[in-house]
Every structure is written in structure tokens, then in C-alpha cells.
Amino acid sequence: MRAADVSQLPVTQGERIVGLIDESDILALLTEQPGEKAAFNRSVKDIMVTRLETISADAPIRDLVPLFKKDYVAIVMDGVRFLGLVTRIDLINHFRIALQ
């Protein structure tokens, strides 16, 4: 994740998102089982978050703010089809570019 400069990854089945895994999920697993090399061999399914809040691709930008205030990443959907993730830094960069 660090090599790709991402802090969270969507877990998908086809075009559907079924979960999300981030650095804190991995860290929680490792601190629950300190010194256990087997923790790195656990299935993503075992540690991913499955309670997800999504946002429609046609939602206004201001609808991202409540998600970010709850410390969530925005999971952008087109109906049931997963399109991508939007993070706080993505939104900051959007405004930075728009204001140039």
C-alpha cells in the first residue's frame, strides 16, 4: 500500500464493492496478534470493513464533507457499480487545481 501511495483499498467482486481495507484495519490485526507472522497470511475477507457508506457519482461535492467529518473515505457509486474512492486529499487537490 505504501509503495503505491494509498492508505485504503476497495475489495470488489466484479463491479460491486464488498469491503474496504485500510492501514488501521491491518494495524489492529497486528496489535491483536503481536509477534504472529500468521497475521500477514490472513484473508482480506477476515479484516476488511463491510459496513460501507457510499455516495452517488452525481452527488454535489459538498456531500463529501459529512463523510470526511466521520473519518470515512467516499465510495463513489453508479447505482450498484463501484466507480472509485475519493479521499480528503483528492478533494483538496481538486480545489487546488480548480483555483489555479
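A pocket here is an open set of points, on a 1 Å grid over the protein atoms alone, with protein on both sides within 12 Å along at least five of seven lines, and its lining residues have an atom within 4 Å of a point. Grid points are joined across faces, edges and corners, and a volume is the space filled by probe spheres set on the points.

This is a predicted model, in which local features need pLDDT of at least 70 and side-chain atom pairs count only at pLDDT 80 or more, while totals for chains, interfaces and linings use all residues. Residues are numbered from 1 along each chain as its sequence is written, and side-chain values use heavy atoms, with hydrogens and water left out.

**View 1. The largest pocket and its lining.** Start with the open space: the largest pocket holds about 590 Å³. Its lining counts 22 residues, and those nearest the centre are Gln8, Asp22, Asp71, Tyr72 and Val73. Strand S2 (16–22), helix H1 (23–32) and helix H4 (88–98) each give the lining at least two residues; H1 has the largest share, with three. Helices (H or I, at least four residues) and strands (E, at least two) are DSSP runs, numbered from the N terminus. Sorted by class, the lining has nine nonpolar, four polar and nine charged residues. In this sorting, Ala, Val, Leu, Ile, Met, Phe, Trp, Tyr, Cys and Pro are nonpolar, Asp, Glu, Lys and Arg are charged, and the others, Gly among them, are polar.

**View 2. The whole chain, for orientation.** Stepping back, you will find four helices and five strands in the protein chain. Read from the N terminus, the elements follow the order β-β-α-α-β-α-β-β-α. The C-alpha atoms fill a box of roughly 50 × 30 × 25 Å along the principal axes. Of the 100 residues in the chain, 25% are buried; buried means under 20% relative accessible area, exposed over 50%, and partly exposed in between (1.4 Å probe, protein chains only). Taking contacts (heavy atoms within 4.5 Å) between residues at least 6 apart in sequence, 33% join residues at least 24 apart.

**View 3. Asp71 and Arg88, a salt bridge beside the pocket centre.** Asp71, one of the residues nearest the centre of the largest pocket, forms a salt bridge with Arg88, and their closest N and O atoms are 2.8 Å apart. The pair links distant parts of the chain, with Asp71 in the loop between H3 and S4 and Arg88 in helix H4, 17 residues apart. A salt bridge is a side-chain nitrogen of Lys or Arg within 4 Å of a carboxyl oxygen of Asp or Glu; by this rule there are three salt bridges. Asp71 is exposed, at 61% relative accessible area, whereas Arg88 is partly exposed, at 38%.

**View 4. Glu53 and Lys70, a bridge between loops.** The side chains of Glu53 and Lys70 meet in a salt bridge of 2.8 Å, N to O. Glu53 sits in the loop between helix H2 (44–47) and S3, and Lys70 in the loop between H3 and strand S4 (74–78), so the pair ties together parts that are 17 residues apart in sequence. Glu53 is partly exposed at 33% relative accessible area, and Lys70 is partly exposed at 44%.

View 5. Asp25 is found in helix H1. Although buried, Asp25 has no salt bridge, and the nearest side chain of opposite charge, Arg42, is 12 Å away. For charge, Lys and Arg count as positive and Asp and Glu as negative, while His and the chain ends are not counted. Apart from its neighbours within four places in sequence, Asp25 is in contact with Leu20, Ile47 and Val49. Arg42, for its part, forms a salt bridge with Asp46, with 3.5 Å between the closest N and O atoms. Arg42 is partly exposed at 34% relative accessibility, and Asp46 is partly exposed at 45%.

**View 6. Ile61 and its contacts.** Ile61 lies in the loop between strand S3 (54–56) and helix H3 (64–69). Not counting residues up to four places away in sequence, Ile61 touches Leu91, His94 and Phe95. Ile61 and Leu91 are 30 residues apart in sequence, yet their C-alpha atoms are 8.5 Å apart in space. With 37% relative accessibility, Ile61 is partly exposed.

Terms used: On a 1 Å grid over the protein atoms alone, a cavity is a set of points where a 1.4 Å probe fits but cannot get out, and a pocket is an open set with protein on both sides within 12 Å along at least five of seven lines; lining residues have an atom within 4 Å of a point.
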